[in-house]
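Here are my notes on this model, in numbered points. Please read them with the structure open.

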Amino acid sequence: MAAARAPALYSPKLLALAVELADYPYDPAAIACGTARSRSCGSVIDLSSSQGDRLETIGLKVTACAVGQASAAIFAREARGMDSAAIARTLQSLTEWLEGEAPSSLLPRLALLEPARPHRGRHEAILLPWRAALDALSKPRDPR
């Protein structure tokens, strides 16, 4: 009897998510800008938002592996309109999902990242866009 084969970490659907990032250009002059960096893999996400109290017109500059890019694409589609509290709740739920304590149904398309869950070194890359959003909303610029 052959052993069950683990799903491929870099599936074509996961890799296709990276293309979506072109729809979210980073704006360094936006009211809210934030950064998150992974200490484990060196990935960096810079995030911009046209609003300082919630995410609106999200922009991303992503230097990450395909898993981090896919996570950023999922984030960009799902986080629009969220305030800091909603982002923090989602970040907590994602952390629980990564630990196997929550279902992937908490966000659309999160199941595409399921093969990355056993790879603890990829967890920070998955969480980076949410951390960058918290950073951006914690220090909005004066819109004047």
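Which residue in strand 3 does I45 stand opposite? The answer is V62. Keep in mind throughout that this is a predicted model.

1. **Strand pairing.** Strand 1 and strand 2 are antiparallel and share six bridges. Strand 2 (residues 44–49) and strand 3 are antiparallel too, over five bridges.

2. **Strand 2 is covered on both faces.** Six of its six residues are buried. V44, D46 and S48 lie on one side, and I45, L47 and S49 on the other. In a regular strand, side chains alternate between the two faces of the sheet.

3. **Helix 1.** Which residues of helix 1 (residues 12–20) are buried? They are L14, L17 and E20. These cover an arc of only 85 degrees around the axis, so they sit on the same side of helix 1. Helix 2 is part of what covers them. P12 and V19 are exposed, on the face turned away from the buried side.

4. **Nonpolar core.** The largest nonpolar core has 43 residues. Those touching the most other members are L47, L55, L60, F75, W97, L113 and W130. Two or more residues each come from helix 1, strand 1, strand 2, helix 2, helix 3 (84–98) and helix 4. Helix 4 gives the largest share, nine residues. L113 is worth a look: leaving out residues up to four places away in sequence, it touches L14, V67, A70, S71, I74, W97 and I126.

5. The whole structure holds nine salt bridges. One joins the side chains of D46 and K61, at 3.7 Å from N to O. D46 is in strand 2 and K61 in strand 3, 15 residues apart. Is D46 buried or exposed? It counts as buried because its relative accessibility is 14%, and the cut-off is under 20%. K61 is partly exposed, with a relative accessible area of 43%.

6. **Other charged pairs.** D53 and R54 meet in a salt bridge at 3.3 Å, N to O. D53 is partly exposed at 49% relative accessibility, and R54 is partly exposed at 30%. Both belong to a network of salt bridges that links D53, R54, E56 and R80. R120 forms a salt bridge with E99, the closest N and O atoms being 3.3 Å apart. R120 and E99 are each in the loop between helix 3 and helix 4, 21 residues apart. R120 is exposed, at a relative accessible area of 55%, while E99 is partly exposed at 40% relative accessibility.

Key. Residues are numbered from 1 along each chain as its sequence is written. This is a predicted model: local features need pLDDT of at least 70, side-chain atom pairs count only at pLDDT 80 or more; totals for chains, interfaces and linings use all residues. Side-chain values use heavy atoms; hydrogens and water are left out. Two strands pair if DSSP finds at least two bridges between them. Helices (H or I, at least four residues) and strands (E, at least two) are DSSP runs, numbered from the N terminus. Buried means under 20% relative accessible area, exposed over 50%, partly exposed in between (1.4 Å probe, protein chains only). The arc is that of the directions from the helix axis to the C-beta atoms. Contact means heavy atoms within 4.5 Å. A nonpolar core is a set of buried Ala, Val, Leu, Ile, Met, Phe, Trp, Tyr and Cys residues joined through side-chain atoms within 4.5 Å. A salt bridge is a side-chain nitrogen of Lys or Arg within 4 Å of a carboxyl oxygen of Asp or Glu.
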